[in-house]
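Please look at the sequence and the structure before reading on.

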Amino acid sequence: MAVGYGKLKEMNVEVLSVSTDSVYSHKIWNESELSKMVGFDMPFPMVSDQGGKIGTLYDVYDVDAGIDIRGRFLIDPEGIIQAQEVLSPPVGRNPDELARQIKAFQHHQKTGEVMPSGWVEGGQTLKPSPDLAGNVWKEWKPPTK
Amino acid sequence: MLVTKQAPNFSGMAFHEGKIKKVSLEDYRGKWVVLCFYPGDFTFV
């Protein structure tokens, strides 16, 4: 997340990370490992969720393990959740996919256009209208690999 | 399911730029926010 932060900042996106560790643990993890990994201090607030109250609100708190699993929520300026992704602990997330989704939602909120499957920045979009219903196949073909 | 719904508000203590401070989600209204949960400090991915 820290590595992709510059890109997110350019898109006017704030980051909050959350785990059930204490703020002191966050401090030490930042100092002793994370900052050495990426070459700078964590640029976003690292929130402490001891007891799992925040994780419970977002349904990512694993009561048996006492931890928040890897849940990622994209919240728009109105406070509406536009996307979520939840992974079990062993696999990390893909910041590029997160950036792609943010670009797509921001584009939609600006233009009303919708982004077909596999859309990347600069790719074809669609303008929903009565004429387009049933005719998407004329306008758009699935990308071939 | 939470997608399309109002994000549940919360506040909590956070470590940020060398300081410990209180953070509330509602303070971020007007901005896009990525809220990122993870299993624990010193985990590997």
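## A sheet built from two chains

In this predicted model, Ile75(A) stands opposite Val33(B), a residue of strand 3 of chain B. Strand 5 of chain A and strand 3 of chain B are antiparallel and are joined by 4 bridges. Strands (E, at least two residues) and helices (H or I, at least four residues) are DSSP runs numbered from the N terminus, and two strands pair if DSSP finds at least two bridges between them.

Residues are numbered from 1 along each chain as its sequence is written, and chains are lettered from A, with ligands numbered from 1, in the order in which they are written. Because the model is predicted, local features need pLDDT of at least 70 and side-chain atom pairs count only at pLDDT 80 or more, while totals for chains, interfaces and linings use all residues.

The open sheet has 7 strands in the order 6(A)-5(A)-3(B)-1(A)-2(A)-1(B)-2(B), and its pairing is mixed. Strand 6 (81–87) of chain A and strand 2 (19–24) of chain B stand at the edges; each has a single partner strand, so one side of each has no neighbour in the sheet. On average, neighbouring strands are turned by 25° against each other, direction ignored.

Strand 1 (residues 11–16) of chain B runs antiparallel to strand 2 of chain B, with 6 bridges between them. Within this pair, Met13(B) has Lys22(B) as its bridge partner.

Two helices of chain A lie against the sheet, as the table shows. Contact means that C-beta atoms, placed from the backbone, lie within 7 Å; axes are lines fitted to C-alpha atoms, for helices over the stretch in contact, and angles run from 0 to 180 degrees between N-to-C directions.

| Helix of chain A | Residues | Angle and reference strand |
|---|---|---|
| Helix 2 | 23–38 | about 25° to strand 1 of chain B |
| Helix 4 | 95–111 | about 20° to strand 5 of chain A |

The contact between the chains takes 52 residues from chain A and 32 residues from chain B. On the side of chain B that touches chain A, strand 3 of chain B gives the largest share, 6 residues.

Pro77(A) lies in the loop between strand 5 and strand 6 of chain A. Leaving aside neighbours within four places in sequence, Pro77(A) is in contact with Arg29(B), Gly30(B), Lys31(B) and Trp32(B). Pro77(A) counts as partly exposed because it has 14 C-beta neighbours inside 10 Å (buried means 20 or more, exposed 12 or fewer, and partly exposed in between, with C-beta atoms placed from the backbone).
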